Amino acid sequence: MHRISGPARLSGRIVRNYPVPVSAVINMSVHVTSNSAFSSAASVHLLPCTILSNGPAKVDVFFTSNTQEDEVGLVSAFRGRELRGQTVFIPDGYKGIVLQELNRPFTEDQDRNVRISAKFNEFTYWNLQTPPSSQDKVTSALQWANLSSVIHAPVSDDDQDNSPTSIEFSR
Amino acid sequence: MAEEEREPDDSPRLSSSSHSKNKEQSRWVMIVPEKIADQQLEDSSPDSQPSIIKLKHPKTESAAQFLICPKDKSIQEILSFQDSKGSWFIDNTVQEDGRLLMATNIDPLFLILPYLQSENNTKKHMFMELDQIVKDSSYPQCNRLVEILDHQTTCQICDSKGNEDFKVYRYSEEKTLAWLKSKVERTADYLSSSDISVSSGQCSSYVRSSKPSEVPREDCLRYAAGLISDYLHPSLSKKMFSNLGIKEETTKGKKVSENGNKTEEETTNGKRRPDENGHKAEEEPPLKKVRKSSSEPDEDYSRSFSMPQVKAVPTSKLTPGQKRLAKADKTGMKSLSSFFKKK
C-alpha cells in the first residue's frame with residue numbers, strides 16, 4: 001500500500017476537506033462520449049461503508065423503498081445498521097455524471113473510451129447514526145466547486161489594473 | 001434483503017463477473033461543469049471531444065489527471081473526494097469505489113508556469129514560441145495546453161514580442177506576481193462574502209455555521225493565498241507570500257505545533273508580521289522556517305488521510321466494524337428473526 005505522492009503534499013486541501021488531485025483514475029488518454037438521451041436522472045446514494053461488489057443489486061426493492069423521512073432527515077437501514085441520510089444537491093453550474101467504459105482495449109497504448117452513462121443533479125449522502133449536517137466533509141467538497149471557479153476564472157483587466165496586459169513589442 | 005444481507009467476504013455473488021477488482025474498474029462517479037455534461041458529443045469529431053489526459057501538476061511535479069475540452073477551450077483538474085469508507089448505489093447497481101470525482105476548472109496558466117520558469121532559467125531569458133516552451137517528453141499531452149491558451153491570457157504572465165503570425169514569449173516574474181495578487185484578492189473577496197470559515201483551516205468543520213460576521217481581511221488573504229499556493233511550485237509560492245506581505249498559515253502552524261513542533265513557535269515569537277518591520281531582506285529566513293515547519297506536520301495529516309484512499313483491502317477494515325457492532329447498543333436494530341415474521 002503505497003502513498004499517493006500528489007495528495008500527500010497538497011496538505012492544505014486535506015486539512016480543509018477539499019477534494020485532492022487524482023494521480024491515477026485512468027492511466028491514459030480517454031475520450032469522453034455522451035450517450036444519447038437520458039430518460040431520467042439516476043438515483044444515486046453514497047453509503048458510509050465499503051461494499052465489495054460491482055454490479056447489479058436490487059437497490060430499489062431493498063433499500064430505497066425502506067427509506068423514510070423523519071424530522072431530522074432521511075432514515076434507512078443497510079445490513080441491520082440504521083443510516084441517516086440527506087439529499088445533497090450538485091452545485092449550480094455543475095452536473096453529476098457516471099462515466100462508464102464498455103469495452104476496454106486489449107493493449108495498453110490504445111486510447112480508451114468512456115461514455116456518460118447516467119446523469120444526476122442530486123444524490124443522497126448517508127451517515128451512520130449521526131444525522132448528516134452542513135458540517136460533513138462532503139459539504140466542503142462541494143463548496144470547492146464554486147470556490148475553484150473563483151480561483152481559476154481568468155484574470156480580467158479589471159482585476160489587474162496595475163499591470164497592463166498589452167503586448168510588448170520593444171524592449 | 002436476501003442479497004444485501006450477505007457477508008462482504010462472499011459478496012462476489014453480487015458482482016458482475018469480471019469487474020470486482022479495483023484495477024478493472026469500469027465506472028466512475030464524477031461532477032463536471034454542466035456544459036460538459038450537456039454537450040452534444042455525437043456529431044463532434046474525436047479531436048474536439050473532451051478527453052482525460054495526464055499532465056504534470058505544477059506544485060507536486062508528479063502526474064495528475066485533467067479533463068480537457070478543446071471545444072470551449074477549457075481545462076478541468078480531476079480531483080477526488082473520499083471519506084474513509086464508502087460505496088455508491090447507482091440506480092439498481094452497486095459500485096465499490098466510493099470516490100466522488102470532481103472536474104473543476106483550472107486556469108491553464110498554472111499548468112504552463114513551470115515550463116515558462118524552467119525555460120527562462122535554462123535559455124537565459126530568450127523569447128521563444130509557446131509550443132517550444134511547453135514541451136515535455138514525460139507528459140507529451142502538455143502541447144494540448146497551447147491550443148486552449150490565447151495570446152492575451154498568456155501575456156498576463158509573460159512578456160511577448162512579435163506580430164500576428166509569429167509570437168514569442170518570455171516568463172515575467174513581475175507580471176506573474178501581479179497576476180497572482182489579483183487572483184488572491186479576488187478569492188479573498190469571495191471568501192469574505194461566503195460562509196466558508198477561514199480563521200483556521202483545521203477548524204472549518206466546527207465553526208462554519210457560527211462564523212463571526214467580521215473576518216480580518218488578512219485571514220481571508222492568507223487562506224486564499226494558501227489555496228492558490230496549491231498550484232504553485234514552492235519557490236514561487238514563497239515569492240507570492242512575500243509579495244503579498246502575509247505570512248503563510250500561521251494559525252494552522254500554531255495548532256500543529258502542539259504535536260511537538262517547536263520550529264513554528266520560534267518563528268511566531270521571533271518574527272512579527274512583515275508589515276511591522278518592513279524589511280524585505282529579513283523576511284526570507286523566517287518564511288523559509290514557516291514553510292518547513294508547516295510542511296512537516298502536514299505530512300502526518302495526509303498520511304493518515306491518504307492511506308485509506310489507496311488501499312483496497314476492506315476485509316481488515318470491516319472486522320473492527322463488526323466488533324463494534326457486537327459491542328454496540330442494539331436497541332434500534334431489528335433482530336434477524338423479525339425478517340422472517342412478516343412474509
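Which residue in β6(A) is the bridge partner of Gln68(A)? The points below answer this and go on from there.

1. Basis. This is a predicted model; local features need pLDDT of at least 70, side-chain atom pairs count only at pLDDT 80 or more, and totals for chains, interfaces and linings use all residues. Residues are numbered from 1 along each chain as its sequence is written, chains are lettered from A and ligands numbered from 1 in the order written, and side-chain values use heavy atoms, without hydrogens and water.

2. The opening pair. Val75(A) is the bridge partner of Gln68(A). β5(A) and β6(A) (residues 74–78) run antiparallel, joined by 2 bridges. Strands here are DSSP runs of E, at least two residues, and helices are runs of H or I, at least four, numbered from the N terminus. Two strands pair if DSSP finds at least two bridges between them.

3. The sheet. An open sheet of 8 strands runs β4(A)-β6(B)-β5(B)-β3(A)-β10(A)-β7(A)-β6(A)-β5(A), with mixed pairing. Its edge strands, β4 (55–56) and β5 (68–69) of chain A, each pair on one side only.

4. A hairpin in chain B. β8(B) (158–162) and β9(B) (167–171) pair antiparallel over 5 bridges. They form a hairpin with 4 residues between them. Cys158(B) has Tyr171(B) as its bridge partner.

5. His152(A). This residue is in helix α4 (137–152) of chain A. His152(A) is buried, at 4% relative accessible area (buried is under 20%, with a 1.4 Å probe and protein chains only). Its side chain makes a polar contact of 3.2 Å with that of Tyr231(B) (N or O atoms within 3.5 Å, one able to donate a hydrogen and the other to accept it; residues adjacent in sequence count only if both atoms are side-chain atoms). Beyond neighbours within four places in sequence, residues in contact with His152(A) include Glu77(B), Asp107(B) and Lys183(B) (heavy atoms within 4.5 Å).

Technical notes. Buried means under 20% relative accessible area, exposed over 50%, partly exposed in between (1.4 Å probe, protein chains only).
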